[in-house]
Amino acid sequence: MTTPAEVIHGTSALLKNVLQRDLRLEIEVLLAHVLQVTRSQLLARLQDPIDELPLREFDELLARLIQHEPLAYIIGYREFYGIEITCWDDALIPRPETEMLVDLALEEITRRGDDLRIIDVGTGAGAVAIAIAENAPQVRIIATDASAAALDVATKNVRAYGVGSRVMLRPGDLLASTGEFDLILANLPYVSEGEWQTLEPEIQEYEPRSALVGGVHGTEIIERLIAEAPQHLAEGGVLAAEIGETQGERLLTVARRFFPDGYAYVMKDYAGKDRVLVIRREEEGIG
């Protein structure tokens, strides 16, 4: 009888030879999904026998992984900020670096209270808005996206967590037809046309291009958001947008133009790369 240890070891070695990549973590997650256990539970039962039926299912899903289909689409979810976000190929798969937007939002809520007016622009699958709502039970958030298909995914996630009364999903382009907010969060497309051509097949062939490519420079959509923001960001308010690692200086220049009396800076991710542009509408002068 085959054990999880044998499956993980044998499959990892095979895929390393075929794909020249170490996919042990993905294999463990895939096998845990098939066996309907957590990854921790799987690793605690490495010598338990596996029945033939789940092994066949594992082989079928593994074939999709070998074809570069993202793991999140295969198993149907991705963990984000401690919750499981349903993933379809109509919406971008949530990334760990986007959790920085949630951290910043929760810090602002702690500092200023639960009555902040918050909008999540380009919500995609709804990960940012739902994570905030789960961690700040009194907060209400508007979450928008220009993609009706992405909003369908977000609707499923909002319902799954029972936060529909506090996360209001709306179709729309950036800040059009919205009001004034204390906190504007955005995870918008920021990949340049040139960068798109270099991305791995897991992204190019499966994730929605419109959710990734922001134009020739990659910054065009974020620049439009910044240009619209003065009419929508309240005094003392904060705009935070995820950006590409080479885009900080360009977007700070745009911020200076539209918020000459504000304060803007770029936050770095855990890898030390530029990741979030922050604009605070305060009388501090931009540095």
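I'll start with one side chain: Tyr265 is partly exposed because its relative accessibility is 22%; buried means under 20% relative accessible area, exposed over 50%, and partly exposed in between, with a 1.4 Å probe and protein chains only. Tyr263, at 28% relative accessibility, also counts as partly exposed.

Some housekeeping. This is a predicted model, where local features need pLDDT of at least 70, side-chain atom pairs count only at pLDDT 80 or more, and totals for chains, interfaces and linings use all residues. Residues are numbered from 1 along each chain as its sequence is written, and side-chain values use heavy atoms, leaving out hydrogens and water.

Back to the tyrosines. A search of the whole structure gives one aromatic pair. The ring centres of Tyr263 and Tyr265 lie 5.3 Å apart with planes at 40°, so the pair is tilted. For the criteria, rings of Phe, Tyr and Trp (its six-membered ring) pair if their centres lie within 6.5 Å; planes under 30 degrees apart are stacked, over 60 edge-to-face, the rest tilted.

Next, the strands: these are DSSP runs of E, at least two residues, numbered from the N terminus, and two of them pair if DSSP finds at least two bridges between them. Strand 10, residues 263-268, pairs antiparallel with strand 11 over six bridges; Val266 has Leu277 as its bridge partner there. The two strands form a hairpin with five residues between them, and Gly272 in the turn has a positive phi of about 80°.

Strand 9, residues 233-242, runs antiparallel to strand 11, with five bridges, and Leu239 is partnered with Ile279.

Is strand 11 enclosed or open? Seven of its seven residues, 274-280, are buried, so strand 11 is largely enclosed by the rest of the structure.

Conventions
Helices (H or I, at least four residues) and strands (E, at least two) are DSSP runs, numbered from the N terminus.
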